[in-house]
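Subject: Structure for your review

Dear colleague,

Please find below the structure that I am handing over to you. My notes on what was found in it follow.

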Amino acid sequence: MLKNSLKLVHFVIFMSVLNFIFFHFPFYTFVFNNIDYRSFGGVILIASLIVLMLVMNAFVLYLFFSLSRRFGKSILVLFFLINSVAVYFVNTYSVILDETMIGNILNTRYSESSGFFSFKLIVYLIFLGIIPTIFIIKAKIIKDKPKKFLITASLSLLFITVLIFANASNWLWIDKNSKTLGALAMPWSYAVNISRFYIHEHQKNKKEILLPDATISDHRKTVVVLVIGESARRENFSLYGYQKNTNPLLSKTTNLYHFDATSCSTYTTAGVKCLLEHKNTDDLYEILPNYLYRNDVDVIWRTSNWGEPPVHIKEYETSDQLAANCKGEGCAYDEVLLTGLKERISASKKDKVFVVLHTSTSHGPTYSKKYPAQFETFKPVCNSVELGNCSREELINAYDNTVVYTDYILHKLIEDLKELKEYNSAMLFVSDHGESLGENNLYMHGLPMSIAPKEQYEIPFIVWTSDNSKQLKSNKTLTQNHVFHSVLKFLDMKSPIYDEHMDIFK
């Protein structure tokens, strides 16, 4: 390795191995402590992580050096120097370099940070940082010709893709531990999380694109409650023909309608954003609650979840806040979101009220922890976070029980709305995305839409209206964007942004 000239492929492989040996002891300590490394599956996972880390790091370095040897060396020197300091803090203080920790580091004053300097830190910096960088700077590297570069890069990318999909059965474990794994993988822990920190700081100050002003066209008392479901897949609702009776209450409810719908994405942040916007776009337009609040509607947001775009309203309450005034076993579950809601709506001083209940009932992997014991209708259930270790029957039963509980919450909400005689009322239940439950060895959600199975984007769209309210069109397939325009119509809001074709009401 110390000969005068090195082929680029040999050099990046050597540097990837060096990076692996020097800086990934904490990473693999965590892996060994959290899987059964004596099992065949554990051995396969560990081997795959080692190979994947070596190949991916070498691949990225190969791309950097192919752009420019000077650029590649500069980046690599920077990585080794920062890695040596980062792994010192990880080993010494057991810190995790996630986005929160990066924020703490970037906001630390010199007077505070200088207190961390020690002889041990200097040893780390010299032996793991400075000495390797001397070799990097002095190394003479032979760049590949364009044809060889394309072949090497393509084969590497193909190998990485095959290895990732060959470990589909381990995705759930990796997803569950992704925050810690990502925070211990050098140099990507701090590289990615520094970027995320500044992106999120920018987003905090990012202004929404305001929509044209709306006006309220009448003084009839009207309320719409939008329930945002979490990981609710259409296939497991008996309203849609599922053989097990997961909707015993809603199936007997009058003025209830259900429609086939698809989500814009397979993960919460994008799904909720799409659900609240007037059209599916990457831009940050003014979302429905903010728009209505700005145009004199009484808006209430209650949540046991997270991931929504910035909500600019006065009344935003979490489940923990609501629990203070809640009594009964249901207070530990999504039922808490209904606490005092009927009374709050009735006491409103405005004619138009819009409520968002952002639930978490069907979020995995701990489905059996998402409902009170009396809703465990189907047994036996999966109680493990390692869903692949449960039988198919146990997993489906646990998930189906979350749908039974959802059925109860929606029914209870509808009964409360029925008691508000002076209001025209509507309830819309729409999920943020679907859920995989072991089909094709896939679990939970989050795959790119281009390759996601239908279980991850086919969602329920359930609507209830009070007597003598607006009638519904004979809709077939809806999207999440139908919510925005339908709520405007039901509340009798006149707006230039309103699209009649995206409205479910006549």
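Two strands are said to pair if DSSP finds at least two bridges between them. Helices (H or I, at least four residues) and strands (E, at least two) are DSSP runs, numbered from the N terminus. Please note that this is a predicted model, in which local features need pLDDT of at least 70 and side-chain atom pairs count only at pLDDT 80 or more, while totals for chains, interfaces and linings use all residues. Residues are numbered from 1 along each chain as its sequence is written, and side-chain values use heavy atoms, with hydrogens and water left out.

Strand S8

Strand S8 runs parallel to strand S4 (residues 222-229), to which 7 bridges join it; valine 223 has valine 353 as its bridge partner in S8. Strand S6 (residues 298-303) is also parallel to S8, with 6 bridges between them, and here isoleucine 300 is partnered with valine 355. Because 7 of the 7 residues of S8 (residues 352-358) are buried, the strand is largely enclosed by the rest of the structure. Buried means under 20% relative accessible area, exposed over 50%, and partly exposed in between (1.4 Å probe, protein chains only). In a regular strand, side chains alternate between the two faces of the sheet. In S8 both faces are covered: Lys352, Phe354, Val356 and His358 are buried on one side, and Val353, Val355 and Leu357 on the other.

Disulfides

Counting a disulfide as a pair of cysteine sulfur atoms within 2.5 Å, the model has 3 disulfides. In sequence order, the bonded cysteines of the chain pair as 1-2, 3-4, 5-6.

- Cysteine 264 and cysteine 274 have sulfur atoms 1.8 Å apart. Cysteine 264 lies in the loop between strand S5 (256-262) and helix H12 (268-276) and cysteine 274 lies in helix H12, so the pair ties together parts that are 10 residues apart in sequence. Cysteine 264 is partly exposed, at 22% relative accessibility, whereas cysteine 274 is buried, at 2%.
- Cysteine 326 is joined to cysteine 331, with an S to S distance of 1.9 Å. The torsion about their S-S bond is about -85°, so this disulfide is left-handed. Cysteine 326 is buried at 18%, as is cysteine 331 at 14%.
- Cysteine 382 and cysteine 390 have sulfur atoms 2.0 Å apart. Their link is right-handed, with 60° about the S-S bond. Cysteine 382 is buried at 3%, and cysteine 390 is buried at 14%.

Yours sincerely
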